[in-house]
Amino acid sequence: MRDYDQNPFIVIWEVTRACALKCLHCRAEAQYRRDPRELTLEEGKNLIDQIYEMDNPMLVFTGGDPLMRTDLYDLIEYAVKKGVRVSMTPSATPKVTKKAMEKAKRAGLSRWAFSVDGPNKEIHDHFRGTRGSFDLTMNAIQYLHELELPLQINTVVSKYNIDYLEEMVELVKSLGTVLWSVFFLVPTGRGKNLDLVSPEQHEEVLHWLYELKDRVPFDIKTTEAPHYRRVVLQRQKIEALDGNNGKVTKKPDFLGRAPKGVNDGNGFLFISHIGDVYPSGFLPINCGNIRKKPLSDIYRFHPVFQDLRSPDQYKGKCGVCEFRHVCGGSRARAYGVTGDHMESEPYCTYIPERYKQLQEVHGRKVD
């Protein structure tokens, strides 16, 4: 099993911050033009070499919009020839043509991920800040199927779509999706201006996802919701598993899933368009730059990364929670809400027994 103290399971590289969309929640606060300080093609190849040497984690090209980078296919081809598993999350703009997809497939791209944040154009286009984005996405997905490239759908749970999640399931199912990645908003970038769904709604959606996972033909993963692992363990403990139990056969996910829970800075790292390294794109603590220090040194030895891999040092209820080593709460959301990456997950409703006991000892009431 991969040792997350030494090597990540997944690396996200923001190859550019340029993007034509104006998404309400954009972590990157993307801009229309490319930054002249972006990592060059040669620097990008060197970065891929460094990533490969860290036990060859999964690599995701993101942005901004990766397609705004003219040497993107050279980077994909270089990574694939080294044996790196590569995925990409482009924006649904007119740049997403069938020709672009064919070029990505020839370069060896393993999977294409699109964001769909509503079951219809009204909800999705509003959230993405661009009229026509939904229709462009649906057209692009059709091209993807024609080219037989696996599809991942990313969806942000927000106040705009929380009442339409069942409709989202039907859409995701109809699109022949391999993996549905459900992202729970973190207040960073433009997302600072959005209202997060309540802690109670977080919990309801996590339990709903657990009940959903065995009746759909695609895999489900959560992003910035590590407490989904706690929900899974709780539910598995109280439910009697009987054979296949009516489970639906999944489409094969050839990129593979993490053998143990990944969290900000713990099996996960993010590299910006200019080479800055962060525990994740949603936890904006700059831990160094690959132009000055090897990526492996930053990941393994920077104090923030080491903190994030030390669940026993978490504060408040997260630090004494019996699920802290499999969950740990969203460190990004803790930072976004409290300013402290080691504080408790503020949108988790679970109260650990040990925390209750400690509060009672100190004469404090715990709800």
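Helix α2 (residues 72–82) packs on helix α3 (residues 98–107) at an angle of about 25 degrees, with the two axes 8 Å apart. Here an axis is a line fitted to C-alpha atoms, over the stretch in contact for helices, and angles run from 0 to 180 degrees between N-to-C directions. That angle makes α2 roughly parallel to α3 (under 35 degrees is roughly parallel, over 145 roughly antiparallel, 65 to 115 roughly perpendicular, and the rest oblique). The crossing of α2 past α3 is right-handed, so the near helix is turned clockwise from the far one by less than a right angle.

A word on the model: it is predicted, so local features need pLDDT of at least 70 and side-chain atom pairs count only at pLDDT 80 or more, while totals for chains, interfaces and linings use all residues. Residues are numbered from 1 along each chain as its sequence is written, and side-chain values use heavy atoms, with hydrogens and water left out.

## The sheet

There's an open sheet of 9 strands, with mixed pairing and the order β7-β6-β5-β4-β3-β2-β1-β8-β9. At its edges stand β7 (219–223) and β9 (277–278), each with a single partner strand, so one side of each has no neighbour in the sheet. Helices (H or I, at least four residues) and strands (E, at least two) are DSSP runs, numbered from the N terminus; two strands pair if DSSP finds at least two bridges between them.

Further along, β4 (residues 111–115) and β5 (residues 151–157) pair in the parallel sense over 4 bridges, with Trp 112 opposite Leu 151 in β5.

Strand β2 (residues 58–62) is mostly covered, with 5 of its 5 residues buried (under 20% relative accessible area; exposed is over 50%, partly exposed in between, with a 1.4 Å probe and protein chains only). Met 58, Val 60 and Thr 62 point one way from β2, Leu 59 and Phe 61 the other.

β2 pairs in the parallel sense with β1 (residues 10–14) over 5 bridges, and with β3 (residues 86–88) over 3 bridges. Phe 61 has Trp 13 opposite it, and its bridge partner in β3 is Met 88. From β2 the chain crosses through α2 to β3 in a right-handed β-α-β crossover: with the strands pointing away from the viewer, the path from the first strand over the helix to the second runs clockwise.

## Cysteines

How many disulfides are there? The count is 0, taking a disulfide as a pair of cysteine sulfur atoms within 2.5 Å. Cys 19 is buried, at 6% relative accessible area, and Cys 287 is buried at 6% as well.
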